[in-house]
Amino acid sequence: MKELWTTMASLMGVLAFSQTLLNTLLPPNLRFIFIKLFHTFLNYFSPYSYFDITEIEGVNTNELYNAVQLYLSSTSTTSSNRLSLTRGLNSTSITYTISHNHRLTDVFKGVYVVWEHIVTPRQTQTFSWRALPEEKRGFSLRVHKRDKDFILGSYFDYISSKASEIRRKKEDRLLYTNSKNGSLDSRGQPWESVPFKHPSTFETLAMDPTKKAEIMSDLRDFAEGSAFYKRAGRVWKRGYLLYGPPGTGKSSMIAAMANYLEYDIYDLELTEVQTNLELRKLLMKTSSKSIIVIEDIDCSINLKNRTEIDFTNILNGNDNNDNDNDNNNSITLSGLLNFTDGLWSSCGSERIFVFTTNHIEKLDPALLRSGRMDMHVFMSYCCFESLLILIKNYLGCTVNDMDTEILRQLEKVVCVAEMTPADVSEVLIKNRRDKAKAIRELVEILSFRARENEKLRRERNYLGCTVNDMDTEILRQLEKVVCVAEMTPADVSEVLIKNRRDKAKAIRELVEILSFRARENEKLRRERVAVA
Ligand SMILES: Nc1ncnc2c1ncn2[C@@H]1O[C@H](COP(=O)(O)OP(=O)(O)OP(=O)(O)O)[C@@H](O)[C@H]1O
Ligand SMILES: [Mg+2]
């Protein structure tokens, strides 16, 4: 042992002496070449290969760096004697990773590798459109030369898949939103994130149980459909349109979907996006296993602004139809359609697009077609089954705990009352400490609402207008669409009752709904003819 130390000390002495000699004897250029040759010589005889993974490559964030960091934070790698512990704001879990400039050994299928986390201060700010972090961070991986090919072949794939698994299972999932005016953070990300904590699940979601089971099975099929989508030559994505009155659970449904599939949510605020190009860039920065949400789509964008050319291009699957609009510096419907369905939508996989609206009739039919929005889910007023779920959520009562007569009364009035789950929840939350009072109040309110609605329904002349009071052009429009729309008198009455205090609005909404239904039916008819 003593001999070994003596040899090492003399070697160090020789090295130090050589360096001094080099510095004095050789000019800088030659010195540089000499050092390079010396390193090549050393590398040639060294039994190891090294891989450097820097945090930022050029101006882009290196995804592999994040994956390695997460992977090394898993329990199997706590062999390092110095770890950094962190806990994000509002996060429940602690994350640990190797401390700066420390090493850690990992074993992959019997092969030993050594990781080092290298952190150095950034010396000069190279020119960049955004500020770079103050320190350079990176991982260096040392492997034996004989294992190099094996490690390159499978270790990095293993790390990437393990990292996404760890993030989904152990860490809090994330809720992203796009930064204001499309600005990027210092790591080049246009999305800001917070831990996703919404407690809504399919169990607590009040809706028709058959419809719920259908959605859950569709989601399961989607998540397990990797091979199917590949075989069918389709991009692995699915679109949902959730529509219905405010307070019927559209946002709660999105949270339930994310919790069910353990996906992240990207909540896209369209009003903060200036151009179609920016929208595309946002899409490129979303990760797999995520739900991309655009809420209140009818309020976020002018949905009727496409030109004839736009429309033809979309039907032909042409991706370049937004150039003109890009020049106008505004986001357009065709940009949005390409976002969900164009060539760029394939730049990730396993993603679900969810749009919500209170007014489906205002949406452009191109947005609704299958492939873009594969499933249309109508979130409606409380039915008896939804009511029972809400009572269980808030009061902890099941059907067995409740009086049969009360159940019968509730069942009789709940549908006619047309109360949203949000309205019902309010009554239950308010009285949650006194179950009997909560149920009593619920029966009262539902019965009152049901009586009111019944009374309104019985009034046959909703607006009191005759043909003579109405605009000829509107009458012409109504005449044109009413038969094709195939709406029942009850449906029409609904629209009129709702808007009975504002006649102009009632007629306008009637024209919109009838035209929408007529277009939908026309489309269905054409599809049937094509199939036949
Ligand atoms: N179907 C439902 N099941 C359980 N809770 C619901 C449901 N619908 C509404 N709620 C309750 O009402 C509140 C509002 O619901 P939510 O935000 O999901 O409605 P929304 O349809 O998205 O409304 P908006 O159209 O205004 O965005 C929720 O916090 C939830 O507690
Ligand atoms: Mg909502």
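This is a predicted model: local features need pLDDT of at least 70, side-chain atom pairs count only at pLDDT 80 or more; totals for chains, interfaces and linings use all residues.
Visitor: Which residues come nearest to ligand 1?

Guide: The shell holds 16 residues, and of these Pro246, Gly249, Ser251, Pro421 and Ala422 come nearest to ligand 1.

Visitor: What makes a residue of this shell nonpolar, polar or charged?

Guide: The residue type decides, and Gly, for example, counts as polar; on that basis the shell around ligand 1 divides into 7 nonpolar, 8 polar and 1 charged.

Visitor: From which domains does the shell draw at least three residues each?

Guide: Domain 2 (175-378) and domain 3 (393-458) each contribute at least three residues to the shell around ligand 1.

Visitor: Turning to the sheet of 4 strands, why are strand 1 and strand 6 said to stand at the edges?

Guide: The strand order is 1-8-7-6, with antiparallel pairing; strand 1 (48-54) and strand 6 (103-108) each have a single partner strand, so one side of each is left without a neighbour in the sheet. Neighbouring strands of this sheet are turned by 25° against each other on average, direction ignored.

Visitor: How do you know that strand 6 and strand 7 pair?

Guide: Pairing requires at least two bridges, and strand 6 and strand 7 (residues 111-121) share 6 bridges in the antiparallel sense, so they count as a pair. Leu104, for instance, has Trp115 in strand 7 as its bridge partner.

Visitor: Which helix packs on this sheet?

Guide: Helix 3 (residues 63-72) does, touching strand 1, strand 6, strand 7 and strand 8 (135-144), and its direction makes about 110° with that of strand 1.

Terms used. Residues are numbered from 1 along each chain as its sequence is written. Chains are lettered from A and ligands numbered from 1 in the order in which they are written. Helices (H or I, at least four residues) and strands (E, at least two) are DSSP runs, numbered from the N terminus. Axes are lines fitted to C-alpha atoms, for helices over the stretch in contact, and angles run from 0 to 180 degrees between N-to-C directions. Two residues are in contact if their C-beta atoms, placed from the backbone, lie within 7 Å. A residue is near a molecule or strand if its C-beta atom, placed from the backbone, lies within 6 Å of it. Domain bounds come from an automatic or database domain assignment.
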